[in-house]
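Please read the points below alongside the model. They cover a few local features.

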Amino acid sequence: MDELTLLGKRIAELRSKCGLTQEKLAEMVNYSSNHIAKLESARTKPSFDLLVNIAKALNVNLNDLFDFDSINTIEYIKNDKDELIPTRTIT
């Protein structure tokens with residue numbers, strides 16, 4: 001996974017832990033929810049100012065946004081299994 005993808009997944013993870021929707025986070029940082037969705041799915045690169053505002057909104061340090069270790073845990077893979085392993089119906 002590249003760094004932009006990891007960053008997007010980390011922001012989504014932290015946002016979810018705070019119980020925030022993309023819409024609420026977008027409101028808190030003065031961006032559109034569409035922009036936050038693109039950021040979390042690595043379809044856009046964030047500015048430094050946006051990263052600082054996201055860190056403040058999520059009540060974390062800026063470097064916490066780049067702590068990608070949790071993304072590679074078994075628990076994360078279990079939570080993301082539908083994207084990683086296609087489901088198959090047996091008939």
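Notes on the model

1. Asn59 comes after helix 4 and has a positive phi, near 60°. Helices here are DSSP runs (H or I, at least four residues), numbered from the N terminus. This is a predicted model, in which local features need pLDDT of at least 70, side-chain atom pairs count only at pLDDT 80 or more, and totals for chains, interfaces and linings use all residues. Residues are numbered from 1 along each chain as its sequence is written, and side-chain values use heavy atoms, with hydrogens and water left out.

2. Helix 4 spans residues 48-57, and its buried residues include Leu50, Leu51, Ile54, Ala55 and Ala57 (buried: under 20% relative accessible area; exposed: over 50%; 1.4 Å probe, protein chains only). Down the helix axis, the buried residues of helix 4 fall within an arc of 160°, so they line one face (the arc is that of the directions from the helix axis to the C-beta atoms). Phe48, Asp49 and Lys56, on the other side of helix 4, are exposed.

3. The cover over the buried residues of helix 4 includes helix 1 (3-17), helix 2 and helix 3 (33-40).

4. Ala26 sits in helix 2 (residues 22-29) and counts as buried because its relative accessibility is 1%.

5. Glu40 belongs to helix 3. At 11% relative accessibility, Glu40 is also classed as buried. Its side chain makes a polar contact of 2.7 Å with that of Gln22 (a pair of N or O atoms within 3.5 Å; within protein, one must be able to donate a hydrogen and the other to accept it, and residues adjacent in sequence count only if both atoms are side-chain atoms).

Terms used: Helices (H or I, at least four residues) and strands (E, at least two) are DSSP runs, numbered from the N terminus. Contact means heavy atoms within 4.5 Å.
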